[in-house]
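The questions below concern the fold of one protein chain and some of its residues.

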Amino acid sequence: MATRGVQSENLWTETPLNLQPSQSFKYRGVSKFAQQCKDKHGPLVHLMIASGGNAGLAAAVVARVLGVKCTVFLPINVSIDTQQALRKQGAEIVTIGECYSQTLAALRDAVKKDINAVLVPAYDSPVLWDGHSSMVTEMQRQLPRQPDAIFCSVGGGGLIGGIMQGCKNVGWDEVPVVALETTGSNCFYNAIAINTRNFTSKVPIVPCTEVEDGSPYTVVIVEEHNIAIPHMKALKSRAASLGASSPAPGVVRMAVNRAGGIKCACIPDEMAMHTARLFGDDHKILTELSCSTTLTPGYNREFLFRILGPTFSALSPEERKEKCVVFVVCGGVKISFEEMREFEEIVAAAQVQSYWSVQIGGEETQVPKQ
């Protein structure tokens with residue numbers, strides 16, 4: 001399958017001049033939010049954000065460009081490399097909390113004590129989604145027609161919220177959007193399972209008012225969006241950038257209401273690690289696990305066909321070549337050569353089995369390793 005863009009008069013792609021460090025998609029929404037904050041509150045505004053790293057780095061870079069103060073609250077397990085990247089951009093850092101939800105609670109308390117502070121959301125804001133939606137506008141401009149599917153990874157839901165908003169803006173509401181997560185860090189997958197009946201009966205759908213002690217999450221009803229939101233009791237994935245304990249309620253509501261729906265899949269960490277290596281060999285680029293999670297269907301055709309369904313699987317090889325799918329490789333700085341070497345060892349230990357165990361739309365299945 002190809003993702004052919006509109007052909008220009010040149011046979012090469014114009015190389016962007018990057019004045020900032022490698023960027024994730026978060027710069028789009030965070031920069032829009034920060035600009036609005038400065039316009040409203042003036043140059044003394046203090047941007048404060050809780051983050052596992054990438055959203056914080058986006059806020060730090062934007063704050064430096066705008067000439068305003070920025071403080072990033074981080075969980076205590078965030079790497080030294082990430083902390084150094086933030087300090088290079090002039091951000092102040094506070095490390096507190098064992099997980100993002102605890103860090104966010106500490107940030108909220110701190111914001112109340114600073115008259116100039118504004119809490120910058122990492123993923124739960126319509127302003128962010130609107131900023132992220134610019135990706136789809138760019139897709140429409142560069143593709144000869146609408147894609148047959150868009151793949152993205154999901155943590156708290158900021159990226160997929162932007163993709164859904166962008167699809168609505170350009171008239172792509174019927175385009176399938178595929179949400180990929182790692183097992184053990186799949187709050188969005190659980191949210192779709194709870195709020196729809198499109199999943200199979202194999203999914204443990206817990207009644208919203210009677211959460212069992214053995215469930216991996218508790219459920220809160222968010223009346224503003226009339227939606228049930230699961231809160232993961234523990235996160236058990238190495239994909240740190242996908243480590244939200246609960247998704248944005250507004251994004252879950254968008255997904256439930258969306259005409260084209262949302263397809264959901266979960267993969268083991270080892271599959272994402274394996275894909276990171278394959279992508280690195282192909283493109284000479286290191287990707288953190290949140291990015292390689294998105295790319296797994298592109299490196300495993302059986303997985304891709306299972307996600308897209310029997311109609312796609314029944315196409316002839318020639319017909320498949322005419323299909324167009326987009327993988328949103330979301331970026332991020334939380335990867336190193338040392339971690340890649342560790343991933344190789346973990347994947348090698350997992351090679352005993354000849355298949356990957358994955359979940360697609362509520363059904364647990366196996367796909368061969370490729």
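Q: Does phenylalanine 305 count as buried or exposed?
A: The model is a predicted one. Buried means under 20% relative accessible area. Phenylalanine 305 has 12% relative accessibility, so the residue counts as buried.

Q: How is the ring pair of phenylalanine 305 and phenylalanine 312 classed, stacked or tilted?
A: By the rule that ring centres lie within 6.5 Å, the count comes to three aromatic pairs. In one of them, phenylalanine 151 and phenylalanine 327 have ring centres 4.8 Å apart and planes at 25°, so that pair is stacked. Phenylalanine 312 is buried at a relative accessible area of 8%. Its ring centre lies 5.7 Å from that of phenylalanine 305 and the planes are at 40°, so this pair is tilted.

Q: How many residues apart in sequence are the parts that phenylalanine 151 and phenylalanine 327 tie together?
A: Phenylalanine 151 is buried at 0% relative accessibility, whereas phenylalanine 327 is partly exposed at 25%. The former lies in strand S5 (residues 149-153) and the latter in strand S10, so the pair ties together parts that are separated in sequence by 176 residues.

Q: Which strands stand at the edges of the six-stranded sheet?
A: This open sheet has mixed pairing and the order S10-S5-S6-S9-S11-S12. An edge strand here has a single partner strand, so one of its sides is left without a neighbour in the sheet. The twist from one strand to the next averages 25°. The edge strands are S10 (325-327) and S12 (363-368).

Q: What is the bridge partner of threonine 182 in S9?
A: Strand S6 (residues 177-182) and strand S9 (residues 262-267) run parallel and are joined by six bridges. Within S9, threonine 182 has as its bridge partner isoleucine 267.

Q: What angle does the direction of helix H3 make with that of S3?
A: Helix H2 (residues 54-66) packs on the four-stranded sheet. That helix touches S1 and strand S2 (69-74), and its direction makes about 170° with that of S2. Helix H3 (residues 80-88) also packs on the sheet, where it touches S2 and S3. The direction of H3 makes with that of S3 an angle of about 150°.

Q: What is the relative accessible area of asparagine 226, a residue with positive phi?
A: Most residues other than glycine have a negative phi. Asparagine 226 is not a glycine, yet its phi is about 50°. The residue is found in the loop between strand S7 (217-222) and strand S8 (227-232). Asparagine 226 is exposed, at a relative accessible area of 59%.

Q: Does lysine 284 count as buried or exposed?
A: Lysine 284 also has a positive phi without being glycine, with a value near 60°. Its place is the loop between helix H10 (269-283) and helix H11 (289-295). The cut-off for exposed is over 50% relative accessible area. At 68% relative accessibility, lysine 284 counts as exposed.

Q: Over the face of which residue does lysine 369 lie?
A: Alanine 350 lies in helix H15 (residues 337-350). Leaving aside neighbours within four places in sequence, alanine 350 is in contact with Glu270 and Lys369. Lysine 369 in turn is 4.3 Å from a ring centre, over the face of tryptophan 356.

Q: What is the separation of the C-alpha atoms of alanine 350 and glutamate 270?
A: Glu270 is among the contacts of alanine 350. The two residues are 80 residues apart along the chain, and their C-alpha atoms are separated by 7.2 Å.

Q: What is the radius of gyration of the protein chain?
A: The secondary structure comes to 15 helices and twelve strands. For 370 residues the globule rule gives 21 Å, and the chain is close to this, so it is as compact as a globular protein of that length. Buried residues make up 50% of the chain. The radius of gyration is 20 Å.

Conventions: Residues numbered from 1 in each chain as written. Predicted model: local features only at pLDDT ≥ 70, side-chain atom pairs only at ≥ 80, totals over all residues. Heavy atoms only, no water. Helix = DSSP H or I, 4+ residues; strand = E, 2+ residues; numbered from the N terminus. Contact = heavy atoms within 4.5 Å. Buried < 20%, exposed > 50% of the residue type's maximum accessible area, 1.4 Å probe, protein only. Pairing = 2+ DSSP bridges. Axes fitted to C-alpha atoms, helices over the stretch in contact; angles between N-to-C directions. Phe/Tyr/Trp six-rings, centres within 6.5 Å; stacked < 30°, edge-to-face > 60°. Lys NZ or Arg CZ within 6 Å of the ring centre and 35° of its normal. Rg over C-alpha atoms; globule rule 2.2 N^0.38 Å.
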